[in-house]
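Hello,

My notes on it follow.

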Amino acid sequence: MISTSRFARAATTFALTLLLTGAACAAPAPAPEVPAYATVTQADPKFTGAFRHEFTEVDGVRMHYVTGGRGTPVVLLHGWPQTWYGWWPIMPALAEHHTVYAVDLPGLGDSTGKPTGYDKATLARYVHTLIADRLGLRDARVVGHDHGAAVAFQYAAQFPADTARLGYLDLPLPGPGIDGAAYRSLSWHIAFHSQRRVPEAVVGNDVREYLKLFYPQVSFGGTAFGGTSDRSPFTEEEISEYARTYSRPEALSGGFELYRALDKDVRDTVATAPVRVPALVMAAQGQAEAIKATVAPRLTDIVRAVDVPKAGHWLVEENPGFVTEELLRFLKG
């Protein structure tokens with residue numbers, strides 16, 4: 001006869017054996033896979049506490065944007081070879097006063113699908129559909145850098161009633177002040193990127209190396225400004241993030257299409273009526289007046305044109321404090 005105590009011990013041993021065997025057999029739950037678009041932001045507390053990635057379908061393009069903050073809406077549009085991430089150094093400060101929307105232009109960054117054109121008027125219509133129609137924002141302050149500045153200009157030109165203010169950062173505006181041929185003569189890279197198929201063939205699988213060599217050339221003191229500096233304002237992490245997106249063949253070609261659309265951009269600007277939206281022009285040190293001269297024929301309410309001290313083309317990376325201060329003052333109105 002088995003005693004009650006022996007029986008209890010045996011039952012306990014049996015239960016523990018089942019528990020341990022079950023624990024040993026159960027595979028640990030796999031960690032959730034981080035999407036490629038979120039890799040660069042997943043461990044940044046400034047991002048995870050205030051911002052999020054979003055996607056919205058716009059006329060066959062899955063548009064990616066990052067949003068966060070509270071207040072009047074500010075739309076940020078990047079240029080080449082960057083993505084929404086080019087605005088990240090100043091986004092947390094802007095988000096303290098505004099709701100920020102940093103958009104990947106159609107076909108670039110993590111916006112997938114091919115737009116009907118890479119001319120800036122067409123891209124502006126995609127952005128407007130996202131911002132005004134999908135998100136319902138009819139009082140956006142639109143800020144663009146490089147090619148994004150031309151998209152921002154077209155946004156204001158086509159939809160002035162939906163544009164509260166326009167920030168125009170470091171791009172000669174294709175149009176009455178400078179035609180396509182003259183534009184391509186401004187720099188070797190503009191002429192090179194404008195060629196059909198050639199830049200894709202040359203860059204090929206060496207996207208990261210090409211970008212890494214390019215960034216210093218148009219930085220403060222770089223060869224594009226008559227200097228000899230090879231200093232880059234971008235970290236290795238930033239370069240890798242841009243290379244990640246531009247390594248997609250369709251995104252690489254899309255970036256070059258921004259340059260191939262120059263002649264149409266000129267025609268579109270020439271056909272545009274004067275834009276009466278309050279505008280801020282910012283440019284590399286020593287370049288503000290030259291940039292202003294190209295936009296003044298079409299922007300009739302330039303509130304301020306300012307050089308960014310100690311900055312080449314990469315205004316946000318090279319002097320984020322100055323850019324933030326100027327933008328906040330201007331956006332406040």
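D59 is exposed, with a relative accessible area of 55%. Here buried means under 20% relative accessible area, exposed over 50%, and partly exposed in between, with a 1.4 Å probe and protein chains only. This is a predicted model: local features need pLDDT of at least 70, side-chain atom pairs count only at pLDDT 80 or more, and totals for chains, interfaces and linings use all residues. Residues are numbered from 1 along each chain as its sequence is written, and side-chain values use heavy atoms, with hydrogens and water left out.

D59 sits in the loop between strand 1 (51-58) and strand 2 (61-69). Helices (H or I, at least four residues) and strands (E, at least two) are DSSP runs, numbered from the N terminus. The phi of D59 is near 50 degrees, a positive value in a residue other than glycine.

D170 is not a glycine either, and its phi is positive, about 55 degrees. Its place is the loop between strand 6 (163-169) and helix 6. Is D170 buried or exposed? D170 is buried, at 8% relative accessible area.

P81 lies in the loop between strand 3 (72-77) and helix 3 (91-95).

Last, helix 12 (residues 262-270) has the buried residues L262, D265, V266, D268 and T269. They are on the same side of helix 12 because they cover an arc of only 165 degrees around the axis, taken from the directions from the helix axis to the C-beta atoms.

Regards
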